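Here is a short report on one protein model. Look at the sequence and the fold, then read on.

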Amino acid sequence: MRLLFIGDVVGRAGRAVLVEQLPDLRRAWSLDCVIVNGENAAGGFGITESICADFLDAGADCVTLGNHAFDQREALVFIARQPRLIRPLNYPSGAPGGGANLIETAAGARVLVVNLMGRVFMDALDDPFAAAERELSACPLGLGCDAAVIDFHAEASSEKQAFAHFVDGRVSLVVGTHTHVPTADHQILPHGSGYMTDAGMTGDYDSVIGMEKDEPIRRFTTKLPSARFEPAGGAATLCGVAVEIGRNGLATRIAPVRVGGKLAQARPEFWESVTQTVVA
Ligand SMILES: [Fe+2]
Ligand SMILES: [Fe+2]
């Protein structure tokens, strides 16, 4: 199974590269499943129903969220009627929507997608380790699902790594989101789970984590808010991670993905077609 996870889509620039590139990537790489983090899709803060629909139309199978899940108030309502949009599982009970979703690929494979939020330098939520334990016990890899992906939305790389080792061998992929910067530590862990500390954002990297630079600099230097944060509008890089998943649900290959914009480009060479013109 070929799975692509795409990190936090930020604002109009992020949405543009996603909607422009995803249909082609899905076709070119024969993707079975695509998961997109959309917590910053609407002006950097949250997601609207029409943006979520655009992502699903472009080829996403599931959209995950994070600490900005409900910045757009309409999400409090429409998440209940859109099962392909999930928010962190460890929100307090009673929060709208769900934190896990079992989706079925066109070929009939069942993919469990779980969204969790870390607690280090983040809002105090329920224990994400215990929440994962409950979810994975209820839907074990190989029994309840054919693949399992966890979007672990967190600030601290230590918490992300500890969590990944905690579920290693029980999921296909643990991928971090939230820092908006891609890490270079994509790997297959000892017990077979694919891992990357952060997928990076899908947005304009000539920015401060996706936002126009002036206001963040002003706030760091003066400690006074003087304007709204606005998403940077330059060409965006689609960032994420590509994973090949074997019949046992564990990762067999993993590679970073960076398409468009100003970051160095990266594509999974194991999926790129090898048709070459031989010049005699
Ligand atoms: Fe984010
Ligand atoms: Fe976040």
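## Ground rules

Two strands pair if DSSP finds at least two bridges between them. Helices (H or I, at least four residues) and strands (E, at least two) are DSSP runs, numbered from the N terminus.

This is a predicted model, where local features need pLDDT of at least 70, side-chain atom pairs count only at pLDDT 80 or more, and totals for chains, interfaces and linings use all residues. Residues are numbered from 1 along each chain as its sequence is written, chains are lettered from A and ligands numbered from 1 in the order in which they are written, and side-chain values use heavy atoms, with hydrogens and water left out.

## Strand 2 and its partners

Strand 2 has a partner in strand 1: four bridges join them, and the two run parallel. Here leucine 4 stands opposite valine 34. From strand 1 the chain passes through helix 1 to strand 2, a right-handed β-α-β crossover. Right-handed has a set meaning: with the strands pointing away from the viewer, the path from the first strand over the helix to the second runs clockwise.

Strand 2 also pairs with strand 3 (residues 62-64), through three bridges and again in parallel. Asparagine 37 stands opposite threonine 64. The chain goes from strand 2 through helix 2 to strand 3, and this β-α-β crossover is right-handed.

## Two faces, both covered

Five of the five residues in strand 2 are buried. Buried means under 20% relative accessible area, with exposed over 50% and partly exposed in between (1.4 Å probe, protein chains only). In a regular strand the side chains alternate between the two faces of the sheet. Cys33, Ile35 and Asn37 point one way, while Val34 and Val36 point the other way.

## The nonpolar cores

A nonpolar core is a set of buried Ala, Val, Leu, Ile, Met, Phe, Trp, Tyr and Cys residues joined through side-chain atoms within 4.5 Å. The largest one has 40 residues, and Ile47 and Phe55 touch the most other members. Elements giving it two or more residues include helix 1 (11-28), strand 2 (33-37) and helix 2 (49-58). A second, separate core has 21 residues, among them Leu136 and Phe152.

Beyond its neighbours within four places in sequence, isoleucine 47 is in contact (heavy atoms within 4.5 Å) with residues including Cys52, Phe55 and Leu65.

Cysteine 33 is buried, at 0% relative accessibility. For cysteine 52, the closest cysteine sulfur is also in cysteine 62, at 8.9 Å, so that is too far for a bond. Cysteine 52 is buried at 1%.

Key. A disulfide is a pair of cysteine sulfur atoms within 2.5 Å.
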